[in-house]
Amino acid sequence: MTRLLFWIALVILVVMAVRSKLRAAMARAQGQAPQGRGPAQPAGAGSAGGAGTWQRVEDRSEPMACCAQCGIYFPASEAVRVGGRDFCSTAHAHQPAPR
Ligand SMILES: [Zn+2]
């Protein structure tokens with residue numbers, strides 16, 4: 001009987017370890033911004049709660065723009081604005097419109 005209890009406890013421990021590893025991996029994947037690793041998380045971030053972490057991620061994001069020529073999405077800060085339309089590069093800004 002003690003052997004059975006030992007195996008049940010072992011299975012529970014393994015499941016808890018795997019779940020915590022998965023949660024850490026998912027948090028790491030969501031924390032990675034396209035521009036690479038951001039500033040290091042402060043030590044007190046965990047105690048502040050998950051909402052604060054999400055707010056920080058949202059603050060680092062940048063609005064995207066769509067090129068009127070090729071349709072690619074790129075950071076709006078790099079947009080070449082000609083005639084009220086956004087382009088990914090000066091070359092596309094000076095090409096005639098596709099339609
Ligand atoms: Zn383009």
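**Figure 1. Asp86 sits in strand β4 (residues 85–87).** The model shown is predicted. Asp86 counts as buried, because its relative accessibility is 18% and the cut-off for buried is under 20%. Its C-alpha atom lies 6.6 Å from that of Cys66. In sequence, Asp86 and Cys66 are 20 residues apart. Set aside the neighbours within four places in sequence, and Asp86 is in contact with Ala65, Cys66, Cys67, Ala68, Phe74, Ala79, Val80 and Arg81.

**Figure 2. Arg81 and Asp86 form a salt bridge.** The closest N and O atoms of the two residues are 3.1 Å apart. Side chains of opposite charge can pair when their charged atoms come close. The count of salt bridges comes to one. Are the two partners buried or exposed? Arg81 counts as exposed, at 58% relative accessibility. Asp86 is buried, with a relative accessible area of 18%.

**Figure 3. Val80 lies in strand β3 (residues 80–82).** Which residues does Val80 contact, leaving aside its neighbours within four places in sequence? They are Arg85, Asp86, Phe87, Ser89, Thr90 and Ala93. Asp86 belongs to strand β4. Val80 and Cys67 are 13 residues apart along the chain. Their C-alpha atoms are separated by 8.9 Å.

**Figure 4. Four protein residues supply the donors of the zinc ion.** The donor atoms are SG of Cys67, SG of Cys70, SG of Cys88 and ND1 of His92. They lie 1.9 to 2.3 Å from the zinc ion. What arrangement do the four donor atoms make? The arrangement is tetrahedral, because the donor atoms subtend angles of 97 to 124° around the zinc ion. For four donors to count as tetrahedral, all angles must lie between 85 and 135 degrees. Along the sequence, the donor residues follow the spacing C-x2-C-x17-C-x3-H.

**Figure 5. Cys70 and His92 tie together parts that are 22 residues apart in sequence.** Where do the two residues lie? Cys70 is in the loop between β1 (64–66) and β2 (73–75). His92 is in helix α4 (residues 90–94). Both residues are donors of the zinc ion, Cys70 through SG and His92 through ND1. Cys70 is partly exposed, with a relative accessible area of 42%.

**Figure 6. A nonpolar patch on the surface includes Leu4.** The patch is formed by Met1, Leu4, Leu5, Ile8, Ile12 and Met16. Together these residues have about 660 Å² of accessible area. Leu4 is found in helix α1, which spans residues 2–31. Its relative accessible area is 48%, so Leu4 is partly exposed. Patch residues must have over 30% relative accessible area.

**Figure 7. The protein chain has four helices and four strands.** In what order do the elements run from the N terminus on? The order is α-α-α-β-β-β-β-α. Helix α1 covers residues 2–31. Strand β3 covers residues 80–82, and strand β4 covers residues 85–87. The chain has 99 residues, and buried residues make up 9% of them. Its accessible surface comes to about 8100 Å². Carbon and sulfur atoms account for 63% of that surface. Consider contacts between residues at least 6 apart in sequence: 14% of them join residues at least 24 apart.

Note on methods. Residues are numbered from 1 along each chain as its sequence is written. This is a predicted model: local features need pLDDT of at least 70, side-chain atom pairs count only at pLDDT 80 or more; totals for chains, interfaces and linings use all residues. Side-chain values use heavy atoms; hydrogens and water are left out. Patches are made of residues with over 30% relative accessible area and no salt bridge: like charges are joined within 9 Å, nonpolar side chains (Val, Leu, Ile, Met, Phe, Trp, Tyr) within 5 Å. Accessible areas come from the Shrake-Rupley method with a 1.4 Å probe; for residues, only the protein chains shown count as cover. A salt bridge is a side-chain nitrogen of Lys or Arg within 4 Å of a carboxyl oxygen of Asp or Glu. Buried means under 20% relative accessible area, exposed over 50%, partly exposed in between (1.4 Å probe, protein chains only). Donors are N, O and S atoms within 2.8 Å of the metal (3.2 Å for Na, K and Ca); water is not among the atoms, so sites may look incomplete. Four donors count as tetrahedral if all angles lie between 85 and 135 degrees; four count as square planar and six as octahedral if opposite donors are over 155 degrees apart and all others between 65 and 115; anything else is irregular. Contact means heavy atoms within 4.5 Å.
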